[in-house]
Amino acid sequence: MLEKLFTPRSIALIGAARTEGKVGYYTMSNLVQSGFKGPIVPVNPAGGELFGLKVYPKLADYPDPVDLVVVAVPADQVPAAAEEAVRKRAGALVVVASGFKESGRQGRLIEVELIEICRRGGVRLLGPNCLGVINTAINLNASFSKRSPQAGQLAILSQSGALCTAMMDIADERELGVSKAVSIGNKADITEVDILEALAHDEETRVIVGYLEDISDGDKFVKAAEAASSRKPVVILKAGTTVAGTRAAANHTGVLAGKDTAYGAAFKRAGICRADSFEALFDYATALALQPTPKGDRVLIITNSGGACTMAADAVEKAGMSVSPLSLRLAAQLRERLPATAFIDNPIDISAAAEPRHYAAAIDTAVADPDIDSILVVLAPQYMTEPAATVRAIVAHLDETTPVIASFLGGSDIMPSRKELAAAGLPFYDSPERAVGALKAMHEYGVWKHRPARHVVRFPVNRRRVERIITRRQRTSRLRLGEVKSKDILQAYGFRILPGRLTTSPEEAVEIARFIGFPVALKIISPSIVHKSDLGGVRLNLGSAQEVADSFDLMMLRINKHAPNAIIGGIYVEKMAEKGLEVIIGMTRDPQFGPMLMFGLGGIFVEVMKDVTFHLAPITENEAVQMLKSTRSYELLQGKRGVKEVDLQAIAVALQRISQLTTDFPQILDLEINPLIVGEIGNEPVVVDASMTFAPLPEEH
């Protein structure tokens, strides 16, 4: 792994400098002043002495082995320094210098040379263009940060050196302390994957906090992050986005995927707590580091103010968690211990008469109740309030099973010190909304941790049939598949396709309709026409031969008028589907993370509300069901608001079949079933329309 990077026995600094303002000076100062116990070897052609240590003109002049070499010389001198480290059989190299691929072509060439030297010499490379590495457990500060952080249980991973420093400052400010801090810079060798793998097994680390701008290998990242999240919380702020490939503008799946959806889906799969802001990054990390994970989403709110009650309750419900009414048993217990003026419900308003002992009694009673999953305490300054004494009473009654977090409204000068509260394990925030945001992150992590074991179902399918269609299309470079051939592929993977045939004459259309049975639908088939309905290219519920013939002629007339240059493949005559709920399912293939499944309701829910959800394939049955539950329109699927309940299990199976298809065939770039008509329980869904796109064959060299 990375033992020589994180726990070296000896360190050399090539480029140690005597002049303040230089990176080599600050790095040397940090190495010495942090109190590292092993040998520190400054290297500079001028020789002499620095910080009381002998300076060696060359690394080779030092007689003993060196585990870790830090390089702080200009970029063009770095390859030679790397060669010195290789000759010393160093295990790791940290290049804090800049001027590599981030600076242009010449820098990129130097970085390629550096990578080759390290690879050939078996040396792991951190950077270049990074802040360095810190391990407080062994008093190691091999960086040019302004200060060494205090020891703690928070590990910091950052792609940005400046933000790595800022993150250490905030960790100190919040009294969390740092176990490890790693700036990965250009990621020429060591990436976020390597660091996650190392920190997952680091006994000094309780929570991993990260800032990333991009991810080097999507599949490896998901696996490493999932393994790390299984052991401890991982909280990441992802800046920048990825585009899930260029898609046809009419393809809902590609359009709705947007630029950031793939990262969201990957983080969800891996159990990462995703922060949307720098503030949220440490809000979540603080709560996860100091308190246990809640067992469920039921939040008890305890305050001394009616206004605070309302604010907190709104925040909890908006976050999708529950402000459940108190059980009769708990309400009775609280009445015995709280003042007569207290409002005993959820939220509990102890009132302005609240004393420290009342908060303590409420918490003591609530943490013992199995119907309470977490407690939010909101303290508003009032004339009778004793803030410091109240907070100390709260802290004294925390337990290790039910998480308690607090929001202190008003000035912080009347509260106990941040250090005292952090030592006691109480996360606190200046607003109920921030406190609830942290609670939600804790809850979602708990749900992920207790998820069922992943079991991906494999359905019996006709894979060879799909292979033939895709191969033929790729060879002829006809990569966009319309409704007819898309349905052939979907039928091979177990989807229900209604009887239908393509025709170019009204007479044959009538014959087909009679054969499959009325009523039927007519649809224009053309690679040039995306939105068929807009041009009059769809007619539904045709109940007679005359209606079919007339509709055929009228459709061709309208298409020739509105799209005279369109290539027409014919008109598809299809058995009408029974009525049901229209949903959209699809897939868009992200270049980093692979097939990303999409689900949403049809109509306004997709077009206007963008009420869709995404998940990485392959997908389990439970994950498919969770996709449905995560939409705002889930109530409609359950049969509420005047809509009949539909077969949710059938939709989940459809998503699993799409998952299998797109995992089996990486040639499929995107796929959309729009709509899939879903009926009541026991009715098999019907594919009404579909399309997909294939990747071109790779060029032969």
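**The whole chain**

The structure is a predicted model, in which local features need pLDDT of at least 70 and side-chain atom pairs count only at pLDDT 80 or more, while totals for chains, interfaces and linings use all residues. Residues are numbered from 1 along each chain as its sequence is written, and side-chain values use heavy atoms, with hydrogens and water left out.

With everything displayed, the C-alpha atoms fill a box of roughly 100 × 80 × 40 Å along the principal axes. The secondary structure comes to 24 helices and 30 strands, taken as DSSP runs numbered from the N terminus (helices H or I of at least four residues, strands E of at least two). Of the 701 residues, 57% count as buried, where buried means under 20% relative accessible area, exposed over 50%, and partly exposed in between, with a 1.4 Å probe and protein chains only. Among contacts (heavy atoms within 4.5 Å) between residues at least 6 apart in sequence, 72% join residues at least 24 apart.

**Select β1, β2, β5, β6 and β7**

These five strands form an open sheet in the order β2-β1-β5-β6-β7, with parallel pairing; two strands pair if DSSP finds at least two bridges between them. The edge strands are β2 (40–43) and β7 (124–126), each of which pairs on one side only. Neighbouring strands of this sheet are turned by 20 degrees against each other on average, direction ignored; axes here are lines fitted to C-alpha atoms, for helices over the stretch in contact, and angles run from 0 to 180 degrees between N-to-C directions.

Within the sheet, β1 (residues 11–14) and β5 (residues 68–71) pair in the parallel sense over four bridges, and Leu-13 has Val-70 in β5 as its bridge partner.

**Select Ser-34**

Ser-34 sits in the loop between α2 and β2 and, with a relative accessible area of 15%, is buried. Leaving aside residues up to four places away in sequence, Ser-34 touches Asn-139, Leu-140, Asn-141 and Ser-148.

**Select β8 to β14**

An open sheet of seven strands runs in the order β9-β8-β11-β10-β12-β13-β14, with mixed pairing. At its edges stand β9 (140–143) and β14 (273–275), each with a single partner strand, so one side of each is left without a neighbour in the sheet. Strand β8 (residues 132–135) pairs with β9 in the antiparallel sense over four bridges, and Gly-132 stands opposite Ser-143 in β9.

**Select helix α11**

Helix α11 (residues 306–318) has 13 residues and reaches 19 Å from its first C-alpha to its last, close to the 18 Å expected at 1.5 Å a residue, the expected span being 1.5 Å times one less than the number of residues. Its buried residues are Ala-308, Cys-309, Ala-312, Ala-313, Ala-315 and Val-316. They cover an arc of only 160 degrees around the axis, which puts them on the same side of α11; the arc is that of the directions from the helix axis to the C-beta atoms. What covers them includes β15 (299–303), β16 (348–349), β17 (374–379) and α16 (432–449), whereas the face turned away from the buried side carries the exposed residues Glu-317 and Lys-318. At the N-terminal end, Ser-305 caps α11, with a side-chain oxygen 3.3 Å from the backbone nitrogen of Gly-307.

Strand β26 (residues 594–601) pairs with β27 in the antiparallel sense over five bridges.

The last stop is Asp-670, in strand β28 (residues 668–678), which counts as buried at 3% relative accessibility and whose side chain is joined to that of Arg-480 by a polar contact of 3.2 Å.

Key. A polar contact is a pair of N or O atoms within 3.5 Å; within protein, one must be able to donate a hydrogen and the other to accept it, and residues adjacent in sequence count only if both atoms are side-chain atoms.
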